[in-house]
Amino acid sequence: MSAPLPSLRTPLPGDGAPAGFPGVAAAAGVPAAPGPTAAAPGPAAAVPGPTAAELLDFVRRTADDTALVASLPLDPDGRTWLRLEGPGGSEAWLIGWPPGTGTGWHDHAESVGAFTVASGTLREHSLAASIPTEGWRTLELTEGIDRTRLLATGQGRAFGRHHVHEVLNESGRQHAVSVHAYYPPLPRIRRYSRTGEVLRLEQTEGPEDWQ
Ligand SMILES: [Fe+2]
């Protein structure tokens, strides 16, 4: 994607385990992936937040709330959004997508998340690799790590930390509406351009950019 990145005021969703970065051919400054270690009991753990599967359950139930979905104003000229109360302190959004709109490539830092389509159809392009979050500006991706899926009304997905993707409404005529949830609430989003197999970090956004 060589065009300027679309301005984004909404966080948008992501997959991948934090250990190791398969699929990344060149990543300057990336530390070696840790090997398996014996589980060492740490300090008393805080109450765990919702899992990606639980967030997926939430977005599915929310997408079934037809009155809520219908309450989202739709704008033919741009995306619209409504902040929702997610479960367990998570961040959630109802997002409207006019035909032809999309997010550009981005990640969700250390947050896990889920999204589902409440109406219309969305395309997700993603990487089947966990991308290191620091210490690089451009990455050459190996072949075969691109994934794509078409999500029709009622279909969704969960994703893990460091998921990198873009979401698009490829329809020429039909608006789409989707429900998204993230935990922890998004601390930042990294935005990328994509030229062939090269992913380039363009910008990092924080909550002040989309609140
Ligand atoms: Fe996203």
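Colleague: What should I know before reading the model?

Modeller: It is a predicted model: local features need pLDDT of at least 70, side-chain atom pairs count only at pLDDT 80 or more, and totals for chains, interfaces and linings use all residues. Residues are numbered from 1 along each chain as its sequence is written.

Colleague: How many helices and strands does the protein chain have?

Modeller: Start with the definition. Helices (H or I, at least four residues) and strands (E, at least two) are DSSP runs, numbered from the N terminus. Here the protein chain has two helices and 13 strands.

Colleague: How do I read a sheet? In what order do the strands of the open sheet stand?

Modeller: Strands of a sheet pair through backbone hydrogen bonds, either parallel or antiparallel. Two strands count as paired if DSSP finds at least two bridges between them. The open sheet here has five strands, in the order β2-β3-β11-β5-β9, and the pairing is antiparallel. β2 (80-85) and β9 are the edge strands, each pairing on one side only. On average, neighbouring strands are turned by 15° against each other, direction ignored. Axes are lines fitted to C-alpha atoms, for helices over the stretch in contact; angles run from 0 to 180 degrees between N-to-C directions.

Colleague: Over how many bridges do β5 and β11 pair?

Modeller: Seven, in the antiparallel sense.

Colleague: Now the interior. How much of the chain counts as buried?

Modeller: A residue is buried if 20 or more other C-beta atoms lie within 10 Å of its own, exposed if 12 or fewer, and partly exposed in between; C-beta atoms are placed from the backbone. Of the 211 residues of the protein chain, 36% are buried.

Colleague: Which residues of the largest nonpolar core touch the most other members?

Modeller: A nonpolar core is a set of buried Ala, Val, Leu, Ile, Met, Phe, Trp, Tyr and Cys residues joined through C-beta atoms within 7 Å. The largest has 29 residues, and Ala-52, Leu-55, Val-59, Ala-114 and Ala-181 touch the most other members. At least two core residues come from each of α1 (52-63), β3 (91-97), β5 (112-119), β9 (156-159) and β11 (176-183). Another core, of nine residues, lies apart from it; Trp-105, Leu-127, Ile-131 and Leu-141 are among them.

Colleague: What does Val-59 touch?

Modeller: Leave out residues up to four places away in sequence. Val-59 then touches Ala-114, Phe-115, Thr-116, Gly-156, Val-179, His-180 and Ala-181.

Colleague: Which strands does β12 pair with?

Modeller: β12 (residues 189-195) pairs antiparallel with β4 (residues 105-107) over two bridges. His-106 has Arg-191 as its bridge partner in β12. Seven bridges join β12 to β13 (residues 198-205), also antiparallel. Ile-189 stands opposite Glu-205 in β13. The β12 and β13 hairpin has two residues between the strands, and Gly-196 takes a positive phi near 60° there.

Colleague: Which backbone angles deserve a look?

Modeller: Ala-109 is not a glycine, yet has a positive phi of about 50°. Ala-109 sits in the loop between β4 and β5. The peptide bond from Tyr-183 to Pro-184 is cis, with omega near -5°. Pro-184 lies in the loop between β11 and β12.

Technical notes. Two residues are in contact if their C-beta atoms, placed from the backbone, lie within 7 Å.
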